[in-house]
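I opened a new notebook page for this chain. The entries below follow the order in which I looked things up.

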Amino acid sequence: MAVRGYSISDANGILLVEDNPSDVELTQRALRKAGVDRPIRIAADGVEAIEMLFGPADPGGRWMPALILLDLKLPKIGGLEVLDAIKRNESTRSIPTIVLTSSRELSDVAEAYRLGANSYVVKPVDFDRFTTTIARIAAYWIELNEWT
């Protein structure tokens, strides 16, 4: 399945947009525990995420993730603004973008879906539940979901 020159099989992995180092580590461990063997790139704020997706291409070509896990509460540029940029751009619009956040604000949920989020998941506080949640996200969006 191709997206402007990229296929799901050769997409470079997962973009995790998260500013909390503890949540980055937990998410990486949960993905490894779930058997996800794709590379994970980290953007610690909204600016880094935008630069990774839309900045100058690497010498080997533009990196395009198969999945984006996006926190909402980010420094510099917020997650909703990053989501809006992703879904407005032809080359990134179809990348599954999962809002993975601690916010249960109904306005955040509504706005995320209005902007085109593919899913909105509130981070469980308990490590075992968090690991299970990440495993389910990975199983669905990486293994089961058909991507165009």
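**Entry 1: strand 5 to strand 6.** Two strands pair if DSSP finds at least two bridges between them. Helices (H or I, at least four residues) and strands (E, at least two) are DSSP runs, numbered from the N terminus. Strand 5, helix 3 and strand 6 form a β-α-β unit that is right-handed. A crossover is right-handed if, with the strands pointing away from the viewer, the path from the first strand over the helix to the second runs clockwise.

**Note on the source.** I am working from a predicted model, where local features need pLDDT of at least 70 and side-chain atom pairs count only at pLDDT 80 or more, while totals for chains, interfaces and linings use all residues. Residues are numbered from 1 along each chain as its sequence is written, and side-chain values use heavy atoms, with hydrogens and water left out.

**Entry 2: strand 6 to strand 7.** I moved on to strand 6 (residues 97-101) and strand 7 (residues 119-122), which are parallel and joined by four bridges. From strand 6 the chain passes through helix 4 (residues 106-115) to strand 7, in a right-handed β-α-β crossover. Ile98 is bridged to Ser119 in strand 7, and Thr101 is bridged to Val122 in strand 7.

**Entry 3: strand 6, buried or exposed?** I checked which way the side chains of strand 6 go: Thr97, Val99 and Thr101 point one way, Ile98 and Leu100 the other way, and all are buried. Buried means under 20% relative accessible area, exposed over 50%, and partly exposed in between (1.4 Å probe, protein chains only). Five of the five residues of strand 6 are buried, so the strand is largely enclosed by the rest of the structure. For the protein chain, I noted that buried residues make up 47% of its 148 residues.

Entry 4: I traced an open sheet of five strands with parallel pairing, in the order 4-3-5-6-7. Strand 4 (40-43) and strand 7 are at the edges with a single partner strand each, so one side of each has no neighbour in the sheet. From one strand to the next, the twist averages 20°. I then listed the elements of the protein chain: five helices and seven strands, running β-β-β-α-β-α-β-α-β-α-β-α from the N terminus on.

**Entry 5: helix packing.** I took helix 3 (residues 79-88) and helix 4, whose axes come within 9 Å and cross at roughly 15°. Axes are lines fitted to C-alpha atoms, for helices over the stretch in contact, and angles run from 0 to 180 degrees between N-to-C directions. Helix 3 and helix 4 are therefore roughly parallel to each other. Angles under 35 degrees count as roughly parallel, over 145 as roughly antiparallel, 65 to 115 as roughly perpendicular and the rest as oblique. The crossing of helix 3 and helix 4 is right-handed. A crossing is left-handed if the near helix is turned anticlockwise from the far one by less than a right angle, and right-handed if clockwise.

Next I took helix 1 (residues 21-33) and helix 5 (residues 127-144), which pack at about 60° with axes 8 Å apart. That angle makes helix 1 oblique to helix 5. Their crossing is right-handed.

**Entry 6: Arg114.** I located Arg114 in helix 4. Arg114 has a relative accessible area of 58% and is exposed. The C-alpha atoms of Arg114 and Asp84 are 9.3 Å apart, though 30 residues separate the two along the chain.

**Entry 7: aromatic rings.** How many aromatic pairs does a search of the whole structure find? I got one. Tyr140 and Trp141 form this pair, edge-to-face, at 4.8 Å centre to centre and 90° between the planes. Rings of Phe, Tyr and Trp (its six-membered ring) pair if their centres lie within 6.5 Å; planes under 30 degrees apart count as stacked, over 60 as edge-to-face and the rest as tilted. Tyr140 is partly exposed at 39% relative accessible area, whereas Trp141 is buried at 13%.
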